[in-house]
Amino acid sequence: MSVPNPQAAKRRDWWRAAVGYEVYLRSFADGDGDGVGDLRGLLAHLEHLAWLGIDLVWITPFYPSPMADHGYDITDHCEVDPRYGTLGDLDAVIAAAHELGMRVVIDLVANHTSDQHPWFRASLAELHGSYRGYYLWRDGDADGGPPNNWVSYFGGPAWSRDPSSGQWWAHLFLPQQPDLDWSSPHVAAAFDRIVDFWLRRAVDGFRIDVAQGLSKHASLADNPRRSDPMPDDGPRQAFERFEHRYDIGQPENVAIFERWRALTEPYDAVLIGEVYLEPEAIGPYLRGHGLDLAFSFAFVDLPWDATAVSDALRATLRHLGPGSCWTQASHDEPRPPTRFGAGAVGRARALAITTLLAGMPGPLVLYQGEELGLEDGAVPADAAVDPMGGRDGCRTPIPWSTGPAWGFTTGRPWLPMDSWTASDTVEAQRDDSSSSLHRHRALLSTRRRIDQDAPVTWLGGSSIVAYRRADHLVAACVSDEPEVLEVPSGTWAIVFSTHATRRSTEVAGPSIGLRPAEAVILERRPAGSRSG
Ligand code: NOJ
C-alpha cells in the first residue's frame, strides 16, 4: 500500500530523464504455460529490463476482460484477470520493480468499458435506471439509422442498436466496447475511485488510453467530411476521411485530466496520455494542470526521409516540449525495422531514429522487442486474431532463448513465433556485444550523460539530422549514402555510435563521415583534454 508523498512537490518531474518500456503483457513472458504472457512471467524477467537501463515499465491491461480487444475491454477496473494472475502477483511485480529502481505505470482505460461490464449490463436492462446515463444512449435518426455519421476507429459506424429499446449506443471501437458518457458525474466519481485504488497500491502513474476521445461534444453533431470514401479504404483511411470536430479532441478532456492530476500529484505519480491528435492539438492538454506527458505519435509511421524526420522532431518539440514521450513503436503499429525495409537495413534505420529520439528532452519509451531489433512476426490469416486487423504482427511474443516456443511459454503461444531465429533471442544477444540489445543498452546509458535542462539547437545539412544540447551532439545520417557531419569547434569525442564496429572515440578534424543510417552521439571535451 502507498501513501501520499510529502516530498512530492520537489520530485514532481522524476520522469523527465526516464527511459520507459512498454510491456505488452500477453506477449512478454508466460509464467504458467497457458501460452499467454502474464504477471509471473513479467516478474521473472524484470531483471532484463533493469539491466537494459529501463526506469519506467508500462504494463498493458491485465484487468478482467472478455478479450474482444485483448484486454482493452474491461469488466472490472480494480481486479486482475485470472489469465494474467492475481492482485497479489501485481503487488509482487510492483514491489520487485521498485526494488530494482524502476517505476510502474498501468493502463487507465476510461473511454469505454466492455459490454459485459456490470455498468453496461445494468444500462441495457433499465431504460430509465441510473446506469443508462453512464453510456451514450441515443435515439436513431428519422430514417431509422444511427444518431449521427461518426465512424469507429475499427471500421463501420460508431453506433450499434439495441433491439429491445430501439436506442443506439456509441462506440469509438468495437460494439463490445461501449463509450462512457464523461458528462456524467457518476462516471467521473467512479474513475476517481479507480485512480485512487491503484495509487494506494503503489503504481507510479497511468497511461491514459484514447485520451483524445473521452469527452464528446454535447451536440453529438455529424462530423464534416474531408474527402469521399474509396472502395478499398481500411479502417484508418475511413476514419481519416472525416474532420473529427465533435467526437474527439474536445477541450473538455482537460477538465478530466485536471481531476486525475489532483489525485496523482500527492503520490508523485505521472499521467501519460495516449493522444492520437496532431502535435499542435496535443499542446493544450499538457499546459496548466492537465497531462504530465503525451506520446509523440509522429514517429510511428515516419518515412525514411531526412526532411520528414527533422520536421517531426521539430514539430513535436515545439508543441509538446519536454512533455513529449518520445516513441516510435507500440502494440498498435508495425515494428520500426519492418516499416523501414526489414533486415539489417530496417534495423539500422530504426536504431538511428531511436538515437535521435533518445537525445531529446523528455522520456523515451521503447516497445518490447525494439531492443532486440525485432521485425513484425508473420501471422497467417488462419491465426489472425486482431479485431481491427493488422496488429498481430507487432504483437508476436518475445523470443527469450533457444528451445521450444523460444522460452516464452512451455505451452502453445497465442500467436505464432515462427519468424524468430536464434540470433533474435535475448539469450544470444546478451552474449554478443555487437547485438541490437547491446547497442540499445549503450544508447540508454549514453543518454544519461546528456544534461536534461540543456536546450536543443538544430544543426545538420540536407541528409544529416543533427542537434546539439550543451556538451552533446546527436546526429543521424538519414540517407542511403554516406554523409559528412560538420562538427562545431572544440574537442569532441564519439561516445556512442549505432554501428558497433566504429572504434575511434576522438573526432580528428572539423567533420566526420557517417555511414548510411549511422547515428552518433558526440561529447565535448574540455579544451586540451584527451578522450578515453
Ligand atoms: C488504444 C490501445 O493501444 C489499443 O490497443 C486499443 O485497441 C484501443 N486503444 C482501444 O482501447
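Analyst: A helix here is a DSSP run of H or I at least four residues long, and helices are numbered from the N terminus. By that rule T446 is found in helix α13. The model you are looking at is predicted.

User: Is T446 buried or exposed?

Analyst: A residue is called buried when its relative accessible area is under 20%. T446 has 5%, so T446 is buried. For its surroundings, leave aside residues up to four places away in sequence; T446 then touches V495, F496 and I521.

User: Which backbone oxygen lies 2.7 Å from a polar atom of the T446 side chain?

Analyst: That oxygen belongs to A442. The helix itself spans residues 436-447 and lies across β16 and β18, running at about 140° to β16.

User: Those two strands bring me to sheets. How do strands of a sheet pair?

Analyst: They pair through backbone hydrogen bonds, and the pairing is either parallel or antiparallel. In this structure an open sheet of five strands has antiparallel pairing, in the order β12-β13-β14-β18-β16.

User: Why is one side of β12 and of β16 left without a neighbour in the sheet?

Analyst: β12 (457-459) and β16 (491-497) stand at the edges and have a single partner strand each, so one side of each has no neighbour in the sheet. On average, neighbouring strands of this sheet are turned by 25° against each other, direction ignored.

User: What packs on the sheet?

Analyst: Helix α11, residues 343-358, does. Helix α11 touches β13, β14 (472-477), β16 and β18 (519-525), and its direction makes about 155° with that of β14.

User: How many bridges join β12 to β13?

Analyst: Three bridges join them, and the two strands run antiparallel; β13 covers residues 464-469.

User: Next, backbone angles. Which phi does W406 have, positive or negative?

Analyst: W406 has a positive phi of about 50°, although W406 is not a glycine. To locate it, look at the loop between β11 (364-367) and α12 (426-430). W406 has a relative accessibility of 18%, so W406 counts as buried. A517 lies in the loop between β17 (511-514) and β18, and counts as buried because its relative accessibility is 5%.

User: Now a histidine. Where does H77 lie?

Analyst: H77 lies in the loop between β2 (56-59) and α3 (87-99). Its relative accessibility is 4%, so H77 counts as buried.

User: Which residues is H77 in contact with, leaving aside neighbours within four places in sequence?

Analyst: Among them are Y63, V109, T113 and W198. One of these also gives a backbone reading: the backbone oxygen of V109 lies 3.1 Å from a polar atom of the H77 side chain.

User: What about a lysine, K216? Is K216 buried or exposed?

Analyst: K216 has 14% relative accessibility and so counts as buried. K216 is found in the loop between β7 (205-208) and α6. The backbone oxygen of G213 lies 2.7 Å from a polar atom of its side chain. Not counting residues up to four places away in sequence, K216 touches residues including N111, W150, D179 and D247.

Key
Residues are numbered from 1 along each chain as its sequence is written. This is a predicted model: local features need pLDDT of at least 70, side-chain atom pairs count only at pLDDT 80 or more; totals for chains, interfaces and linings use all residues. Side-chain values use heavy atoms; hydrogens and water are left out. Two strands pair if DSSP finds at least two bridges between them. Axes are lines fitted to C-alpha atoms, for helices over the stretch in contact, and angles run from 0 to 180 degrees between N-to-C directions. Contact means heavy atoms within 4.5 Å. Buried means under 20% relative accessible area, exposed over 50%, partly exposed in between (1.4 Å probe, protein chains only). A polar contact is a pair of N or O atoms within 3.5 Å; within protein, one must be able to donate a hydrogen and the other to accept it, and residues adjacent in sequence count only if both atoms are side-chain atoms.
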